[in-house]
Amino acid sequence: MALLRLQNATIRFGGLLAVKDLCFAIEEGELFGLIGPNGAGKTTVFNMITGVYSPTSGAILFDGKPIHGKAPHVIAASGIARTFQNIRLFTSMSVLENVLVSAHMRSSQGVLASVFRGPAFHREETAHREEAMRLLALFQLDKLADEAASSLPYGSQRRLEIARALATKPRLLLLDEPAAGMNPQEAADLMRLIRRIRDEFKVSILLVEHNMKVVMGVCERIQVVVHGEGIAMGAPAEIRKDAKVIEAYLGRE
Amino acid sequence: MKRIFFVLSTLSLLGLLQWGVTTLLLDGPIRQGPYYYQILILAGINIVLAVSLNLTNGIAGQFSIGHAGFFAVGAYMAASVSYYAGPAIRGLVGFLPLAGQDAAVLLLALAAAALATALAGLLVGIPSLRLRGDYLAIVTLGFGEIIRVLILNIDAVGGARGFSGIPKLSNFFWVYLLVAAVIATVGNLLRSSYGRAFIAIRENEIAAQAMGIDVTRHKVLAFVISSMFAGMAGCLFGHYTMYLHTNSFTFVKSFEIIIMIAIGGLGSIEGAVLGAVLLTVLPEAFRGFESYRMIIYSLALILIMIYRPQGILGQASVLKRLGARMAARRSAQGNVPVTAPAADGGNGG
Ligand SMILES: Nc1ncnc2c1ncn2[C@@H]1O[C@H](COP(=O)(O)OP(=O)(O)OP(=O)(O)O)[C@@H](O)[C@H]1O
Ligand SMILES: [Mg+2]
């Protein structure tokens, strides 16, 4: 059974049909790409999957169960995490605190326990901190744990967003243009990081990316959308040769 | 370790106040009259109001401008309990000495005020915090005015004449116990996963949701805790002044509390305390300018927004900054770099 399945997912913003009858399925542990020209509807697909918008029609199944129309925090808790195209870190928090935020949904300490701070509170807080530090170490961010998130250089902020998403312990990770603004060296590092994340965290990854080198190098299958409609799906080699894709990318001028 | 530090700092703050009272007041000015004692009490009440509002406005980032409304609900609720049910409560605990009976009445009044304002907070918070945007500001503004008009028309609490005959049950001890409670509650929540959830909501709601945080639930939670403490402050206020009038709970009072936290620094507990003390003491020092109060507040707010938008103390906790400075000095002596060099070279965007 596919981990994530979109069945005729459609969303309309007023008169604009941003995503139309989109169907694709991502398998457990798969590295899946979603590409298309600017404004094709890729970020909108992320927003539908994560519950920021509800599809106007169609269905989204996660692990066989419908998730469309559910609240974003419920979807996050069920195992879908994401990063944002325009970085959305908690800027006044430290690097460590950013990663710690998602521990809240797993915490068993209520309001009163958090005010009175018994031994159980401290045990849990310490465990969450240690776990977060281990995660930061995997991203070479552990030495910067106490720095303000906003003080990090751009590439590190992108990595911190991925680390923060992984801290929710997802089964599916959505990455929205993680290579944006990176130089070739950083992009190459990112490709290695993405593969490593899939292997170490046993997650499926849905990658939206304009950097074709990254998409083609990392993804096992790719879905192409143009004007909200799926026009092609297949392995990178097939996509590269697809006439419709070439037309969409090279233009019809 | 941190916990011990926090307890110690709270205790030493209380100790300092205690010292202040005995040396400054009991030995000196208090013999000149209860004037200074009253300022101390009002400062305490304002600290509770400012620190509690700061949880909603500063920490969770939701703008409430009706704190005085909850202050009023608590004050009138508690006063009604001790005025109407006081004798019955005393009868029930007649075996206690008089001071014990007083405490029993006050505690019940306090509980009633907390319950009533928590409920009011839920009723106001749930519908307005579910929506995106600044609905809370509009709704709380309306709430404050509606409550005032409502009280004016309830004869059992004195209506326009004011509510008199409230027993004097509150004093320095109770007020500063509540001050310690509100500082401990907000401070400890701030340093727990709740605090991180509140700040995450303030910083970026979409990202907070993506981290599994039920945004509406946490906004309402912060708002209800805020309202509850405002209500308890109202209880201690009424049982100190022994008289309540709706004039003490107008929009001007709400505005005053907002200025307290804006002056001290939105989101900072120490800042809220400082702001509350300043706005209690300064108007007393400039009594002659009473009628210009609102103008002066507005000017002060504008000046602060322009020259120091983060408030006098700013966001970061004073203790935290002090700790960081000490760590820096230690590492400078030991020649250990405080921070590792950044891993990445570029900083585009
Ligand atoms: N909330 C919204 N309301 C109205 N229109 C929207 C909304 N969100 C997205 N759109 C529109 O939907 C279309 C798809 O936008 P989307 O951001 O999903 O594109 P994208 O494929 O991610 O593009 P890019 O590669 O530039 O990031 C655009 O025309 C956009 O203007
Ligand atoms: Mg996009």
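1. Helix α13 (residues 293-307) of chain B contributes the most to the nonpolar patch, with three residues. One residue of helix α13 of chain B is B:L299. The patch covers about 710 Å² and is formed by B:L282, B:F286, B:F289, B:Y292, B:I295, B:I296 and B:L299. Patches take residues with over 30% relative accessible area and no salt bridge; nonpolar side chains (Val, Leu, Ile, Met, Phe, Trp, Tyr) are joined within 5 Å, like charges within 9 Å. A salt bridge is a side-chain nitrogen of Lys or Arg within 4 Å of a carboxyl oxygen of Asp or Glu. Areas are Shrake-Rupley values with a 1.4 Å probe; for residues, only the protein chains shown count as cover. Helices (H or I, at least four residues) and strands (E, at least two) are DSSP runs, numbered from the N terminus.

2. On conventions: this is a predicted model, where local features need pLDDT of at least 70, side-chain atom pairs count only at pLDDT 80 or more, and totals for chains, interfaces and linings use all residues. Residues are numbered from 1 along each chain as its sequence is written, chains are lettered from A and ligands numbered from 1 in the order in which they are written, and side-chain values use heavy atoms, leaving out hydrogens and water.

3. Strand β7 (residues 172-176) of chain A is mostly covered, with five of its five residues buried. Buried means under 20% relative accessible area, exposed over 50%, partly exposed in between (1.4 Å probe, protein chains only). A:L172, A:L174 and A:D176 are buried on one side of β7(A), A:L173 and A:L175 on the other.

4. β7(A) pairs in the parallel sense with strand β6 (residues 80-82) of chain A, over three bridges. Pairing requires at least two DSSP bridges between the strands. A:R82 stands opposite A:L174. Five bridges join β7(A) to strand β8 (residues 204-208) of chain A, also in parallel. There, A:D176 has A:V208 as bridge partner.

5. A:T43 (OG1) and A:Q85 (OE1) coordinate the magnesium ion (ligand 2) at 1.9 to 2.1 Å. A:T43 is in helix α1 (residues 42-49) of chain A; A:Q85 is in the loop between β6 and α3 (95-100), 42 residues apart. Donors are N, O and S atoms within 2.8 Å of the metal (3.2 Å for Na, K and Ca); water is not among the atoms, so sites may look incomplete.

6. A:R117 has a positive phi, near 50°, and is not glycine. A:R117 is buried, at 5% relative accessibility.
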